[in-house]
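User: I am new to this structure and would like to learn how to read it. Please take me through some features one at a time.

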Amino acid sequence: MNIQFKDKRILLDKMEMQRTIERLSSEIIKDNPDIEVLCIMGIRKRGDILAKRLANILKKTTSWEIEVGVLDITLYRDDLTIYGPKPIIGSTYFPSSIDGKEVLLVDDVIYTGRTIRSALDEIMDYGRPLRIKLAVLVNRGGRELPILPDYTGISVELGEKEEIQVLLKETDKEDMVKVVEVKNGIR
Amino acid sequence: MGLDRKDLLGIQDLSIDEIEEILTTAEHMEEILTRPIKKAPTLRGITVANLFFEPSTRTLNSFTLAEKRLSADSINLSAASSSVLKGETLLDTAKNIQAMEVDVMVVRHSMPGSPHFLAKRLKASVINAGDGCHEHPTQALLDIMTIKKNFPSFKDLKIAIIGDIKHSRVSRSLILGLKKMGAKITLCAPPTLLPLWLEPFGVEFEYSLEKTLPGKDILYILRIQKERQEESFLPSLREYIKNYSLTYEKLRKFASKEVLIMHPGPINRGIEIESRIADSEYSLVLNQVTSGVAVRMSILYLLTQRKLYGSKD
Amino acid sequence: MDLKIKNVHLFDPLNKIDEVGTLLIDKGKVIKGSESSARQEIDGKGLYLFPGFVDVHSHFREPGAEDAETIETGSKAAVKGGYTSVCVMPNTGPPIDNEGLVRFIKEKSEEVGLCRVFPIGTVTKGRKGKELSEMAHLYEAGCVAFSDDGDCVMNSSVMRNALEYSKLFNVPIIDHPEDVFLSNKGQMHEGSVSTELGFKGIPDISESTVVARDILLSKFTQGRIHLAHVSTADSVKLIKDWETDKVTSEVTPHHLLLSDDEIKDFDPNKKMKPPLRTRYDVEVMQKAVKDGLIEVVATDHAPHPDYKKELEFAEAAFGVTGLETSFAVLYTELVKKGKLTLGILIKALSSSPCNIFNLPLGEVKEGATADFTIVDLKGVWEVTTDVFASKAKNSPFLGRKLKGIVRYCIVDGRTIFKNGDFIS
């Protein structure tokens, strides 16, 4: 069955998204991480794009070539049914060994926390990082696991049948975060 | 997208899209094999039974490793320890295994169609790990994956399969798979080891190895069974070696400089292929083995997602 | 008068009768006369009356393999399929190579009291293909033919002697034409499908070379030979080229309808000997029956228990059942589709086998034996494992919807089957 969405309201437009990402990066810098061992890992899909954008800003401000990697957590998920059809597996890419690294995990939306749980499991299979922190663009509440982001773009409470859609120009032609209403579907 | 099927029985009934999906997933699985901890929790709680009614070490080990890499539980049942010897039917054996809540059965059997027979009668997913002289789909998929890594496209790729085509399940699956991908295939064997009916396969054949070698991108060498001599398919192994053994000398004299050599293993050194070639830079034999684990992981993953999370409809 | 069948469509191609009318029967014979009241009356409105069908190639498995079939269950299967006479093959355990066993089968079938059962005796002692059976004793005890069916008489000299000796009784030797060295361990027809599936094949020459031999032996000896379950185009060509009244032949419903590509699903119920041949062979078989080159349609009813059939293809036993589906499947797939006339089909199922094996034939004519089958040609039924009267379920036609339901069977003037009930 095809799920249909109806636009309800815009949370971030192009400019606001840019500003939010910039704010996130300055918060990250403010925490004085050891930039030489910082590795930004974006969770596929869209978290990896946000990770690259964050890294670019950090590179400009610190003049340091920050490592960026991609995490595909499909094989670690426990909630595939909720997302309907089987997802396509992608590869995980770590720029170098993660032993002793400061890992900054990046995702677009945090909801139940299960994706982050999977991501943590996967990272642990690769090595022993010094610390893992989490940055998200949107925190929508509804957590099912005790996981909180260290850096949050915006927080939002959603009504019944409402969903968050994050659009990024790299994959969706435009930058935007909006709330949509699910017209029909499993949820 | 997605493999919406219970079983994987042959290349014959796989669509190109399905083959592509298995290979794409396998490429990502191969990445897991490079990690420090070569294991993902994906198939936790899934139980796989490897039912091998015919001796095999390579395929069985490859499946077993694939299962372990994805955290599935697995048991192995070989013909020697099975009740088949005590007169139990194949179906009864399989149903007993299924009754122990097994989700996937990997079946190797000397009779064509045995996995198909079981698949129709069992709830568990059945993966064909070789049925008689019929099909060996996971071998063909791993071969196709190996080729894909070395060539940009299958279109007009020229591949020769050399050896005992008639009694080879590997050749059947490989021909079906490579044809689907668009490759051009030439078979080379003495007439007694070539089937009389080749029309359905759409391939060319050639009795002479010297005439087969030029212009090919890949030479796929099949294992020659010593029994063929006793069954009067060959006058002697010596005569086979004289005409069909791939030697370094023949390779340099007739084949293209960039040619690559494949072999499903185990290799009979000095019989179908000269040692020097098997170990040369021409050889993809060990790459095939690595691809094998990845392809089997991919198939296990794709078939069990349906089981874990329901089919699409 | 015993029985009056009224308003029925009388169909007797031998006597060129094809009309609605009344048939009167008394003391096992068809009679003429006034339409006075009869002890039993059948209203045949909307039904067809045919000469009772005769199968010259069945396996009732008794004695020896009663878990597959018995004379009783085989007879029920026969009657349900419209057969009033059945010739049973001697590949039992022990084989029917002595008068005692012939008498056993006759007595047992009389006890069952349904269709007529005619034993076929072996050609050689113990079906071993070496020494001739005591054919005269077997003939006098009631054998209507001789056959080592299931095995070919491979030794041509033995076959020659059998053909010569059987001239004493003017009954045919039924040969199962198969060169066992050529079919070796084959599982299905050797061709593109067997190549694709990776099965060792049974080439068509394993049949046609023996058909050629048998025809030449018959010509040489002037003995009568009946070729069992002919299946290949080359066999038909040989039969055509050597057309002689000493050589007769039969084809099974499955070889008239199914081809080797059906085996792509590895269904063990499509495994038999001779194997299903190519689509071309099937077309040649249909034409051979149409042209009268092959006179007889015989079922080769070969029941097997599930534990011998519900196996991987190569382990499953050869053989399929046929008595209960034969008429309906041929009527539905050949007659209704215009490939064969009803007249030719009925002759192939009744008068032709009776003529070759000298068996009683039901005819719509005064004084004829009252063996008849009454069929509802419009009735539709589905072939499922639940419908069989046979002990076995190994039909290659499972799942098909067929036209033609047998309503009554009359043997020797007695109604022995009525709307699904057996009356013995």
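**Reading the chains**

Analyst: From its N terminus on, chain A runs β-α-β-α-β-β-α-β-β-β-α-β, where helices (H or I, at least four residues) and strands (E, at least two) are DSSP runs, numbered from the N terminus. Chain A has four helices and eight strands. This is a predicted model, in which local features need pLDDT of at least 70 and side-chain atom pairs count only at pLDDT 80 or more, while totals for chains, interfaces and linings use all residues. Residues are numbered from 1 along each chain as its sequence is written, and chains are lettered from A and ligands numbered from 1 in the order in which they are written.

User: How compact is chain A for its 187 residues?

Analyst: The radius of gyration is taken over C-alpha atoms, and the globule rule is 2.2 Å times the number of residues to the power 0.38. For chain A the radius is 16 Å, close to the 16 Å given by the rule, so chain A is as compact as a globular protein of that length. Its C-alpha atoms fill a box of roughly 50 × 35 × 30 Å along the principal axes.

User: Into which domains is chain B divided?

Analyst: Domain bounds come from an automatic or database domain assignment. In chain B, domain 1 covers 16-135 + 289-309 and domain 2 covers 137-284. Their C-alpha centres lie 26 Å apart. Two residues are in contact if their C-beta atoms, placed from the backbone, lie within 7 Å; here domain 1 of chain B gives 19 residues and domain 2 of chain B gives 17 residues. On the domain 1 side, α1 (16-32), β4 (125-131) and α12 (285-309) of chain B each supply at least two residues.

User: How do the axes of helix α7 and helix α8 of chain C cross?

Analyst: Axes are lines fitted to C-alpha atoms, for helices over the stretch in contact, and angles run from 0 to 180 degrees between N-to-C directions. The axes of α7 (residues 205-221) and α8 (residues 233-241) of chain C come within 8 Å and cross at roughly 15°. The two helices are therefore roughly parallel to each other (angles under 35 degrees). Residues making the contact include C:Val211 and C:Ile215 of α7(C) and C:Leu238 of α8(C).

User: How many residues does each chain bring to the contact of chain C with chain B?

Analyst: Chain C brings 15 residues and chain B 19 residues. Helix α6 (residues 192-197) of chain C gives the largest share of the chain C side, four residues.

Notes. Parallel < 35°, antiparallel > 145°, perpendicular 65-115°, else oblique.
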